[in-house]
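Colleague: Please bring up the model, and I will ask my questions as we look.
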Amino acid sequence: MRVIVFFDLPVKTKKDRREYSSFRKYLVKSGFLMMQESVYSKLALNQNVANAICESVKKHKPSAGLVQMLTVTEKQYSKMEMVVGSNDSEVVANDERLLIL
């Protein structure tokens with residue numbers, strides 16, 4: 001599963017910029033990978049882990065702005081189409097990276 005976080009945060013004041021920076025740093029330290037500006041995703045092993053990730057993001061949300069989360073399966077995520085541009089990620093985006101323990 002993947003948890004995808006979309007956010008649009010204000011950066012008008014110094015406090016806003018600090019909250020934006022703090023939230024973004026939290027996402028990166030938590031293992032989220034940037035898909036594009038203001039869109040980050042993280043791999044979750046199952047629905048319980050995905051729920052825990054979502055709860056953690058809710059605890060670290062900034063006081064203003066818009067933060068949205070979407071949980072999708074790996075099969076759904078792998079069907080994402082690049083319409084314009086290219087994927088510059090080093091992460092393998094298909095089932096080849098699936099590790100069964």
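Colleague: Does arginine 2 count as buried or exposed here?
Modeller: Arginine 2 counts as buried because its relative accessibility is 5%, where buried means under 20% relative accessible area, exposed over 50% and partly exposed in between, with a 1.4 Å probe and protein chains only. Keep in mind that this is a predicted model, in which local features need pLDDT of at least 70 and side-chain atom pairs pLDDT 80 or more, while totals for chains, interfaces and linings use all residues. Residues are numbered from 1 along each chain as its sequence is written, and side-chain values use heavy atoms, leaving out hydrogens and water.
Colleague: And what does the side chain of arginine 2 make a polar contact with?
Modeller: Its partner is the side chain of glutamate 74, at 2.8 Å; a polar contact is a pair of N or O atoms within 3.5 Å, one able to donate a hydrogen and the other to accept it, and residues adjacent in sequence count only if both atoms are side-chain atoms.
Colleague: Which strand is arginine 2 found in?
Modeller: Arginine 2 belongs to strand S1, which covers residues 2–8; a strand is a DSSP run of E with at least two residues, numbered from the N terminus.
Colleague: Which strand does S1 pair with?
Modeller: S1 pairs with S3, residues 39–43, in the antiparallel sense over five bridges, pairing being called when DSSP finds at least two bridges between strands. Valine 3, for example, has lysine 42 in S3 as its bridge partner.
Colleague: How many bridges join S2 and S3, then?
Modeller: Strand S2, residues 33–36, is antiparallel to S3 over three bridges, and methionine 34 has tyrosine 40 of S3 as its bridge partner.
Colleague: What about the hairpin of S2 and S3?
Modeller: That hairpin has two residues between its strands, and serine 38 takes a positive phi near 65° there.

Note on methods. Helices (H or I, at least four residues) and strands (E, at least two) are DSSP runs, numbered from the N terminus.
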